Amino acid sequence: MPLTISPSSTSIISQRPNLGFFKNRGTGPAFIKLPKSNNNGNVGSGGLVIFASNGANNRQALEVVFEPFEEVKKELLLVPTEPNASLARQKYTDESVAAINEQINVEYNVSYVYHAMYAYFDRDNVALKGFAKFFKESSAEERGHAEKLMEYQSKRGGRVKLQSMLMPCSEFDHAEKGDALHAMELALALEKLNNEKLLNLHKTANENNDVHLVDYIESEYLNEQVESIRKISEYVAQLRRIGPGHGVWHFDQMLLNDTAGVAA
Ligand SMILES: [Fe+2]
Ligand SMILES: [Fe+2]
């Protein structure tokens with residue numbers, strides 16, 4: 001007898017332990033008891049019984065019984081009792097926790113370098129206020145990324161561990177390129193590096209079957225990162241076109257007056 005699945009059919013039928021599979025002969029009902037769940041809890045823990053029968057009108061139905069109190073027993077044993085353990089943490093591996101902490105550090109480091117660039121362009125003898133604004137906003141944005149990852153870490157029951165940062169360079173002038181192009185090329189390299197690190201984090205999430213983390217990185221980070229790389233690439237191309245002279249002042253004015261949010 002072919003079985004048809006009726007997802008809306010949730011009515012409870014009596015529990016029949018150790019039914020196994022019975023081939024239906026004649027008009028009687030057929031039952032399938034699903035195997036016990038594995039440790040990942042993906043399959044019902046002996047609590048799912050599929051039922052099929054020939055109704056009076058030959059209608060075939062399949063019903064699934066979910067036994068919450070049976071299934072929850074093993075979950076109850078897993079609720080931590082130690083005061084230092086997270087209660088919310090579920091399917092969030094140590095590897096994912098470490099990868100998030102590493103990405104927090106990457107975002108902070110990029111933020112730190114952008115902050116150094118802001119300080120450079122804000123000097124009285126450099127005075128490219130548009131560049132200073134751009135890098136200040138970019139620094140704040142990268143720090144925002146770090147903070148958002150910290151919130152995520154806590155939400156999933158991981159522990160935030162901040163790591164050390166290296167002292168960034170404080171001089172950005174370059175003999176041939178000039179400071180504006182040199183700093184923007186450095187920014188492009190940083191954004192690409194950040195993208196690499198995000199892809200590593202995504203890989204770790206995939207390897208650990210962490211669907212939520214995969215979705216979070218894809219929806220909150222990857223697209224924005226690609227947009228940043230695209231925007232800074234255009235800035236580098238334009239700065240190469242205008243050279244290190246007078247045109248840089250106009251470019252700086254464009255960054256200063258751009259109200260459409262220019263941070264990378
Ligand atoms: Fe970022
Ligand atoms: Fe960025």
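I began with Ala-127, which counts as exposed, with 12 C-beta neighbours inside 10 Å (buried is 20 or more other C-beta atoms within 10 Å, exposed 12 or fewer, partly exposed in between, with C-beta atoms placed from the backbone). The model is predicted: local features need pLDDT of at least 70 and side-chain atom pairs count only at pLDDT 80 or more, while totals for chains, interfaces and linings use all residues. Residues are numbered from 1 along each chain as its sequence is written, and chains are lettered from A and ligands numbered from 1 in the order in which they are written.

I placed Ala-127 in the loop between α2 and α3 (129–155); helices are DSSP runs of H or I with at least four residues, numbered from the N terminus. Its phi is near 50 degrees, a positive value in a non-glycine residue.

I then looked up Lys-91, in the loop between α1 (68–78) and α2. Phi of Lys-91 is also positive, near 50 degrees. Lys-91 is partly exposed, with 14 other C-beta atoms within 10 Å.

Next I took the helix pair. I found α2 (residues 94–121) packed with α4 (residues 178–207) at about 170 degrees, axes 10 Å apart. Axes are lines fitted to C-alpha atoms over the stretch in contact, and angles run from 0 to 180 degrees between N-to-C directions. That makes α2 roughly antiparallel to α4 (angles over 145 degrees).

I listed the contact residues (C-beta atoms, placed from the backbone, within 7 Å): among them are Val-106, Val-110 and Val-113 in α2, and Leu-190, Leu-198 and Leu-201 in α4.

Conventions. Helix = DSSP H or I, 4+ residues; strand = E, 2+ residues; numbered from the N terminus. Parallel < 35°, antiparallel > 145°, perpendicular 65-115°, else oblique. Contact = placed C-beta atoms within 7 Å.
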